[in-house]
Amino acid sequence: MSTSGKTFDLVVAANRLPVDRVVASDGSKQWRRSPGGLVTAMESVMSEHDGAWVGWSGEAGDAPEPFVENGMYLRPVPLSEDELQQYYEGFSNGTLWPIFHDVIVPATFHRQWWYAYERVNRRFAEAVAELAADSGTVWVHDYQLQLVPAMVRELRPDVRIGWFNHIPFPPVELFAQLPWRKALVEGLLGADFLGFQRVADAHNFLRACRRLHAFTTRGDTVSFTGKRGVQRVVRASAIPISVDFKGLDALARTPEVVARAQQIRESLGNPATLLLGVDRLDYTKGIRHRLKAYAELLTEGAVAPPREVFVQVATPSRERVDAYRELRAEVEGEVGRVNGEFGRIGHLALQYLHHSYPRSEMAALYVAADVLLVTPLRDGMNLVAKEYVACRHDGGGALVLSEFTGAFHELHQAYVCNPHDIEGLKQTIIRALKAPEGERRRAMKAMRRRVADHDVQRWASRFLEALAAAPERPVRQLAEVTG
Ligand code: ADP
Ligand code: F6P
């Protein structure tokens, strides 16, 4: 039980709380919305549940006291400075993130990082076990917490445990590089239901169960003998995440957002075409490839500012991890080079913004943009693509979308690109830019229908229903586990 003794029917565990403790410019400490798609999605889901959220506050040291925010009980988990380096920057983002994203940069393996990962996962599991009501539901998120399902099962065999992976799950040939691959699979198999973005991700996981553990899989289930000889069946299937379509659609229609979109265009010199990129500054997002393609289009005169203007919003991310530092230096160097060569007084060729913005500003940018460039080399879903579609109530806009995103498997009418193929990417950008109005509108209408029908509320209901319907544990097994 929690220190307050209060327990919850639904407990969410994610590396980050929905709010992040940051130091403001005046030195005061403030709570700000946490970065990333996980928080965007779960925020709107949790507003409909009376639940608890276990996560890290975003700063090293002692954890703040639990508090209530937007009707949600938030339970901060402490991370020491060493754990921040070893569990978060190290194992989560230096080891797992590259392996789970096609090794776009090499993965680093350190035993100390793994020990910290185990220790922090246990801390999360203990907090969850304290807060979950009898026979409650526990929903664990993402690659940072893969050991939590089995740890919670040990502590609380009465609860239902689900896990959702917001990022891709790698092919077994890459996953097998991890020295701790078997322990990770065992950690996940503590859950009753495992959700993935794509069918291929679920298949990759099931293949890892077969290849690394010789467990039997059938359809989307894996059967195995668990702790104390207990027979268990776990389901692993695809439930792609989405956005709050109604909320974004309504926000984008507000007079403030519509006026701000107009103002953005005016301040950019009312270009014929405004191209936009919105990403965390992450090497998986294909920002370098996008800039290269754009620079070549400028060189060839296929685009020419101020007729065409490109705005790249790059949210600060994982700034102490080497690969992210290098990416930032490279991107900012290239932005400077492009502007030096192609900019004119009063007209930048490329606007680069390294900031976080409120939701209304993001919506205004989406409404203002004629073409959104989503070019990741690998991305679990890419909610930005779906947010753009949800905000285009006017039926305008064109989406250039990488085939290596989860969103590609749903938004078939987008202008599809392979970001590794720079020539092809350039042609796709030009095609989107020059597409006849009718073609763009038809595409946007179809994509809006898809996102409206498959919104984040439906994603959450589908996940929780699948978890509730997960194979029941036999009575004999329950007696053994609890006895
Ligand atoms: P990831 O989870 O890898 O960051 P997604 O595209 O799935 O990628 O989700 C990113 C989320 O972060 C979206 O909800 C998007 O609106 C939000 N976001 C991206 N850039 C910014 C920014 N500069 N300011 C505020 N929110 C942002
Ligand atoms: O889903 C990818 C993810 O790692 C999420 O866990 C998180 O919402 C987002 O990216 C942002 O990353 P971080 O929490 O490391 O800043």
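Guide: A polar contact is a pair of N or O atoms within 3.5 Å; within protein, one must be able to donate a hydrogen and the other to accept it, and residues adjacent in sequence count only if both atoms are side-chain atoms. Here a polar side-chain atom of Tyr143 lies 3.1 Å from an oxygen atom of ligand 2. A polar side-chain atom of Tyr88 is 2.5 Å from an oxygen atom of ligand 2, and for an N or O atom in the side chain of Arg318 the distance to an oxygen atom of the ligand is 2.8 Å. The protein buries 93% of the 380 Å² that ligand 2 exposes when taken alone (Shrake-Rupley method, 1.4 Å probe; for residues, only the protein chains shown count as cover).

Visitor: On what basis do these values rest?

Guide: This is a predicted model, in which local features need pLDDT of at least 70 and side-chain atom pairs count only at pLDDT 80 or more, while totals for chains, interfaces and linings use all residues. Side-chain values use heavy atoms, without hydrogens and water; residues are numbered from 1 along each chain as its sequence is written, chains are lettered from A and ligands numbered from 1 in the order in which they are written.

Visitor: How many residues surround ligand 1?

Guide: A residue is near a molecule or strand if one of its heavy atoms lies within 4 Å of it. Ligand 1 has 17 such residues around it, Arg280, Thr315, His355, Tyr357 and Glu387 being the closest. A polar side-chain atom of Thr315 is 2.7 Å from a nitrogen atom of ligand 1, and an N or O atom in the side chain of Glu387 is 2.5 Å from an oxygen atom of the ligand. The protein covers 88% of the 570 Å² of accessible area that ligand 1 has on its own.

Visitor: Which helix gives the most to the shell around ligand 1?

Guide: Helices (H or I, at least four residues) and strands (E, at least two) are DSSP runs, numbered from the N terminus. H13 gives the most, with three residues.

Visitor: What is the strand order of the open sheet?

Guide: Two strands pair if DSSP finds at least two bridges between them. The six strands run in the order E15-E14-E13-E16-E17-E18, with parallel pairing.
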